[in-house]
Amino acid sequence: MIDSIPEDFDETVVRTPRESAALLVDRLRELGWTIAVAESLTGGLVVASLVDIAGASRVVRGGVVAYATDLKHGVLGVDQALLDAHGAVHPRVARQMARGVRDVLGRDGIAADVGIATTGVAGPDEQDGQPVGTVHIAVSTPLGTRVDSLVIAGDRDRVRRETAHLAVRRALAAL
């Protein structure tokens with residue numbers, strides 16, 4: 001009998017980025033749901049990790065790499081006043097990106113079921129007054145949108161890869 005679940009339970013169940021992506025694709029297939037991804041600092045790593053899994057074409061609608069700030073508004077519908085006031089590295093920007101990509105990459109006027117968004121500062125320099133490693137990950141579903149804000153230590157490559165892995169895991173946890 002198990003008395004309690006250890007705090008690091010999800011780390012013991014999901015060990016690698018590939019395992020996380022495979023579990024997310026499988027869960028989406030079980031639900032009959034689709035997913036769309038909006039990426040800034042990760043530059044396509046999140047959607048690439050999903051399409052690397054066999055059978056992903058059944059659930060992945062696509063991805064938008066909105067690396068430039070103007071694309072966040074022009075393509076994903078992020079509020080321009082928000083971008084002007086706070087820049088692209090802000091939790092509300094991630095929230096709006098995740099909601100926006102569901103609509104942009106939906107089909108026949110029906111939004112994708114899940115939207116993932118990443119925005120932040122991978123380095124080497126700060127951006128919008130935010131230090132390197134500042135990351136906002138949003139996951140949007142029909143039940144709502146959650147944003148996790150964190151700081152990831154390390155070089156540019158580590159920040160980007162860890163953000164992509166965490167984004168997939170956050171989406172899995174939302175399902």
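**Close-up views of a predicted model**

**View 1. Residue D108, in the loop that runs between helix α6 (91–104) and strand β3.** In this predicted model, D108 has a positive phi of about 55° although D108 is not a glycine. For comparison, most residues other than glycine have a negative phi. The relative accessible area of D108 is 70%, and because the cut-off for exposed is over 50%, this residue counts as exposed.

**View 2. The loop between β3 (114–120) and β4 (134–141), with P124.** Within this loop, where P124 is found, a cis peptide bond with an omega of about 20° joins G123 and P124. Most peptide bonds, by contrast, are trans. The loop between β3 and β4 also holds D128, a residue other than glycine whose phi is positive, near 50°. With a relative accessibility of 40%, D128 counts as partly exposed.

**View 3. Residue R170 in helix α7, which spans residues 156–174.** The relative accessibility of R170 is 27%, so this residue counts as partly exposed. When neighbours within four places in sequence are left aside, R170 is in contact with I137, V139 and D148. The C-alpha atoms of R170 and A56, which lie 114 residues apart along the chain, are separated by 18 Å.

**View 4. The stretch of residues 1–6, where the pLDDT is below 50.** Across the chain the pLDDT averages 92, and 91% of the residues score at least 70. Over residues 1–6, however, the pLDDT is below 50, and this stretch has zero contacts in the model beyond near neighbours in sequence. Where pLDDT is low, the predicted coordinates should not be read in detail.

Notes: Residues numbered from 1 in each chain as written. Predicted model: local features only at pLDDT ≥ 70, side-chain atom pairs only at ≥ 80, totals over all residues. Heavy atoms only, no water. Helix = DSSP H or I, 4+ residues; strand = E, 2+ residues; numbered from the N terminus. Buried < 20%, exposed > 50% of the residue type's maximum accessible area, 1.4 Å probe, protein only. Contact = heavy atoms within 4.5 Å. pLDDT = per-residue confidence, 0-100.
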